[in-house]
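Visitor: I would like to learn how to read some features of a protein model. Please take me through them one by one.

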Amino acid sequence: MKKIDKTTFISLKHGVPGGRFYASLLLVFLMSFCFLTSPGFAQQKIDLNRATLEQLKALPVSPELAQELYNRVQFKGYFTSIYQLWELPGMDAETFKKLKPLVKIEPVPAASAVQERIEQIYYRLERWSSNEGISNDLIDLWIEKALEPVNINKLGYDELVNFQNVSPVDAVAILQQRQRVNFFRNTRDLRYTPGLSNYAYRSLRNFVQFKDETLSQWHGSFLMRVDNFPFIAEEAEQSPQAQFLDITQQASETGLTQIPTVYSRLRFTQGKHLDFGLSYVRANGEPMNYAFTSPFHFPETKYHLTIKDLSWKNVLLKKLIVGYYKVTLGQGVIFENTDFFTPRKSGYGFRKRFNGISGDLSRNREFTLRGMAFETVYQNWRAIGFISMDSRDAILNKDDYLGKPSFNHFIVLDQRFKYTPGDTLRGPNNLDMSWLDAVNELTYGAHLQYTFTPGTFLGFSYYESAYDRYLNPDPYQVVGTDYSGNQNWDIRQVTADSEIKQAYGGPVSRGDNPLWSQAVSFRRVYGMNFQSVWKNLAFQGEYGILDKSGGSFKPLTGPRALVASVYWQQENFNLLLLYRNYDLGFDNPYQRSFSNYRRYKGTIFEDYYYLQTPLYGQLYSNNPQPQAEAGFYISSYYQITRQLRTNLQFDNWTRKSDRAKNYRLVGTVDYRPVFPLGIQIRHKWQSREPQNDLTPNQFYKNYELRGRLRFRLSNYDAFDLIYANSKLVVHPRPRVFGDFVLDGEAMGVSYAHNFNRNYRLSGMLMYYKGFFWNFEETQFVIMDSPRGAMRFFISAYSRLTPNLSVRLKYTADHQLPINNIQFQPYQSTIDANPGKMFGTLWKRSQEHLFYFELNYNF
């Protein structure tokens, strides 16, 4: 061996250039050799919770097993143990022995509270969003509350009763049990609450927790829905809303493209005390409407900032809202600001209302409130106050009153065009009367309530609206005229309906306002509401008065409205008895109480072809107010056995304007002989004026039979068969000799398949003839085909990530052709003269519709 001389040694010791590098390189080589040749370290281990599909396919497994490994993490959650590999199909002892030294399981960082909540209730979130057509306002509130569960040990009566399927009896039972046991520890304690119904328990557990959790970080949600579905009547028993305007034609006249309906909503939450949200709505084929155009264009957007649950000594500030908000008081007799009419809104089940105040990010556009509102609690007292300044869409009168145009009626518009299409007298070339934001309204009100015991209280409500235009509801300004402005007929020869004639306005509405110098007319409503819960009985009622005393305030003067109900609840049985009585003159635009029909049902406003423009028919078709009626309603649910459930609804009421008698009876039977199979039969009988042969508004009988076979398959899959048959026997009319019958029939099949917890595919195929209504996953639809039609849809729902989900739906409706209609050359302007026939372009033989939804929770 060659000796190293002194010089070489010194060079190595003191770092001759390159010497230290070669020494380090030699050391790395020796360590790498030991690492690579040691058992179990032939290659770097793959983390199964983070591996890509390509990495998994590189392992010594079959392509099918590699795909199973990937799907297991993506769709069923992360691995927590290497021995969970045995759960995979195709795994055997030899493959497991090969994989074990090549893979590893690394822990995944804990998800946020919102992410964990999404994972727990993802199926319910999908089901609620797909059933949104049931209730436009409550579904989004339920989703928000489900993602932010509250401590049930700190909830009061008003918060409990706002939850889905929780009745006043249920809310009081929870409070009484909490008083006995001090606090609920878990769902088991809640389930064994005496007097709590099974429906309330199963619903409430989705929204509550049993201890406080800190939510200091920002979290929220983003929702966007896009569709091109046509506008339809909200009520199932109504005929389809007339297609007032051909969208394509209107788009060509206004220079617009046929854009779909867009609704988007963004919401942020900071901890438990701060909420902020934005929303935007634009209807199908509607032009862009801007909040302001300088210094830049900004579309009309709703927003709110909410501060909640702050306490000072014995005073609790439950909510303080700045921006857009919603207010619901009592049974909806005095105040509830929503644009949508819900028939038989009893306040129970899916027909309930969210009582109190809340930030408004909904699709309401007419009866919105913009300003400030608060809700506070002090001991047994509860107080709500609000003030708003916002504009309203309204039909302006052509004749000036005291030097300025007055307004006729508020109107809820499907499409908010600046000028009324078809009304040549109010367009920009004539009187230049836009119905868009035509009236400014100042609205303020208050509610004061004293609680004697949980569920037993007495409250007083009041609100007043002031307008910067005179209110003159003149029907002569709405019915059809010729191009010179002359009336085509005397309205008294068409209708003598007192519901139109007794609309609020005229001299009795004249008056100023101390808070607003521009006010020239007003409307004032006040009243009281009460409730008492005794054992398993709940008594509720509300009484309202529209002040028509003129400028001076005279208590208990004016038209009145009353709703009173008794609710009896057992474990497997409940019974609701409800009575309502509304005077003809109780014209309250914020009334949303129980009713079968909307205001102006059966009047000239329903017969849109008599009006100056067919779009004025929205005075009836989009009217959220209840009809002036008096009647008695009974609703009962009874679970006879575990397999057999029944539901009965009976209503007998009188329309106040012409004393027409109506009745409606609906019976439903649900039978589940075995778990996968469900049989549902629903039958409806309805009639108007069965004893009066002299009225042309009579129909003898309206039968509707609907049967459904539902197969509940594994993995939440479902297969449905549906059959429906209806028959309407109509009284002879002057142009028809003898009774005539309108038949309807439908049959269809639907199927929903969950490929895994993240992907769902569903569809429906149906044939129908005549009038038919149905819930089609994301929408409530009304259809009518005199000759018959085929309809189908296919819908895909996917959770792309734990936080992001999308839904895409395509619907096609193909009508059988009608070849015996008469027509005249198409005209761009329809003046709605009696007997005039519509152009053939208004007839649609087929429709292709889509629906897209994106939902992101963070």
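Visitor: Is R344 buried or exposed?

Guide: This is a predicted model. R344 has a relative accessible area of 5%, and buried means under 20%, so R344 is buried. R344 sits in the loop between strand 12 (335–336) and strand 13 (356–359).

Visitor: What should I look for in the backbone of a loop residue?

Guide: Most residues other than glycine have a negative phi. R344 has a positive phi of about 55 degrees, although it is not a glycine. D437 also has a positive phi, near 50 degrees, and is a residue other than glycine. D437 belongs to the loop between strand 17 (404–410) and strand 18 (439–453). With 32% relative accessibility, D437 is partly exposed.

Visitor: Which residue in the turn between strand 18 and strand 19 has a positive phi?

Guide: That residue is G455, with a phi of about 90 degrees. Strand 18 and strand 19 form a hairpin with two residues between them. The two strands are antiparallel and pair over 12 bridges. H447 has S461 in strand 19 as its bridge partner.

Visitor: Why is strand 19 described as largely enclosed by the rest of the structure?

Guide: Count its buried residues. Strand 19 covers residues 456–467, and nine of its 12 residues are buried, so the strand is largely enclosed. Strand 19 also runs antiparallel to strand 20 (residues 521–534), joined to it by 11 bridges. Here E464 stands opposite R524 in strand 20.

Visitor: Where else can I read a hairpin, and what is the phi of K313 there?

Guide: Take strand 10 and strand 11, a hairpin with two residues between the strands, where K313 has a positive phi near 55 degrees. Strand 10 (residues 302–312) and strand 11 (residues 315–329) pair in the antiparallel sense over eight bridges. I307 is opposite L320 in strand 11. Strand 10 also pairs with strand 7 (residues 274–282), again antiparallel, over six bridges. S279 has K302 in strand 10 as its bridge partner.

Visitor: How many salt bridges does a search of the whole structure find?

Guide: Start from the general idea. Side chains of opposite charge can pair when their charged atoms come close. The search of the whole structure finds 37 salt bridges. One of them joins E499 and R655, whose closest N and O atoms are 4.0 Å apart. E499 lies in helix 14 (residues 498–501) and R655 in strand 25 (residues 644–655), so this pair ties together parts 156 residues apart in sequence. E499 is buried at 1% relative accessibility, and R655 is buried at 8%.

Visitor: Which residues are linked with E499 and R655 in a network of salt bridges?

Guide: The network also includes R523, D587, R599 and D658.

Visitor: Which residues form salt bridges with R791?

Guide: R791 meets E776 at 2.7 Å, N to O. R791 is in strand 32 (residues 779–799) and E776 in strand 31 (residues 759–776), 15 residues apart. R791 also forms a salt bridge with D813, with the closest N and O atoms 2.8 Å apart. D813 lies in strand 33 (residues 804–815), so this pair ties together parts 22 residues apart in sequence. Relative accessibility is 4% for R791, 0% for E776 and 3% for D813; R791 counts as buried, as do E776 and D813.

Visitor: Which residues form a positive surface patch?

Guide: The patch consists of R202, R205, R642, R672 and R712. R712 is in strand 28 (residues 699–712) and is partly exposed, with a relative accessible area of 35%.

Key. Residues numbered from 1 in each chain as written. Predicted model: local features only at pLDDT ≥ 70, side-chain atom pairs only at ≥ 80, totals over all residues. Heavy atoms only, no water. Patch = residues over 30% accessible without salt bridge, like charges linked within 9 Å, V, L, I, M, F, W, Y side chains within 5 Å. Areas by Shrake-Rupley, 256 points an atom, 1.4 Å probe, with all protein chains shown as cover. Salt bridge = Lys/Arg side-chain N within 4 Å of Asp/Glu carboxyl O. Lys, Arg positive; Asp, Glu negative; His and termini not counted. Charge placed at Lys NZ, Arg CZ, Asp CG, Glu CD. Helix = DSSP H or I, 4+ residues; strand = E, 2+ residues; numbered from the N terminus. Buried < 20%, exposed > 50% of the residue type's maximum accessible area, 1.4 Å probe, protein only. Pairing = 2+ DSSP bridges.
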